[in-house]
Amino acid sequence: MTKTDYAKWMLEDPRVNFAISTHRQPVGVNPLGLQVDTDEELRGMCAQLEAADSRMLEESEQPCCYAKSDKYWGH
């Protein structure tokens, strides 16, 4: 997907998406994400990251990069 202020790529194995954006963010790669297909997979991914001591922030139905989605942000 490309827009004048945004481009997104998806790798299939592993399922990683990354974007380059100038829209409301500093210029550069932002965000970098692990993508899943179901709510169950999302909860499982969150549990794995929490077990690895990542601090997680949950967001539901959030607009982001021309889409709405449920997500967890790791810090």
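Which residue of β3 stands opposite A7? The legends below begin with that residue.

View 1. Residue I20 in β3 stands opposite A7. This is a predicted model, in which local features need pLDDT of at least 70, side-chain atom pairs count only at pLDDT 80 or more, and totals for chains, interfaces and linings use all residues. Residues are numbered from 1 along each chain as its sequence is written, and side-chain values use heavy atoms, with hydrogens and water left out. Strands β2 (residues 6-12) and β3 (residues 15-21) pair in the antiparallel sense over seven bridges, where pairing requires that DSSP find at least two bridges between two strands. The bridge partner of L11 is V16 in β3.

**View 2. W9 in strand β2.** W9 lies in β2 and is partly exposed, at a relative accessible area of 39%. Buried denotes under 20% relative accessible area, exposed over 50%, and partly exposed the range in between (1.4 Å probe, protein chains only). The C-alpha atoms of W9 and I20 are 9.0 Å apart, and these residues are separated by 11 residues in sequence.

**View 3. The negative surface patch.** D39, E58, E61 and D70 gather in a surface patch of negative charge. Patch members have over 30% relative accessible area and no salt bridge, and like charges are joined within 9 Å; a salt bridge is a side-chain nitrogen of Lys or Arg within 4 Å of a carboxyl oxygen of Asp or Glu. E58 is located in strand β5 (residues 56-64).

**View 4. K71 in strand β6.** K71 belongs to strand β6 (residues 67-74) and counts as buried, with 14% relative accessibility.

**View 5. The whole chain for orientation.** The chain contains one helix and six strands, in the order β-β-β-β-α-β-β along the sequence. Helices (H or I, at least four residues) and strands (E, at least two) are DSSP runs numbered from the N terminus. Of the 75 residues, 19% count as buried.

How values were computed: Patch = residues over 30% accessible without salt bridge, like charges linked within 9 Å, V, L, I, M, F, W, Y side chains within 5 Å. Areas by Shrake-Rupley, 256 points an atom, 1.4 Å probe, with all protein chains shown as cover. Lys, Arg positive; Asp, Glu negative; His and termini not counted. Charge placed at Lys NZ, Arg CZ, Asp CG, Glu CD.
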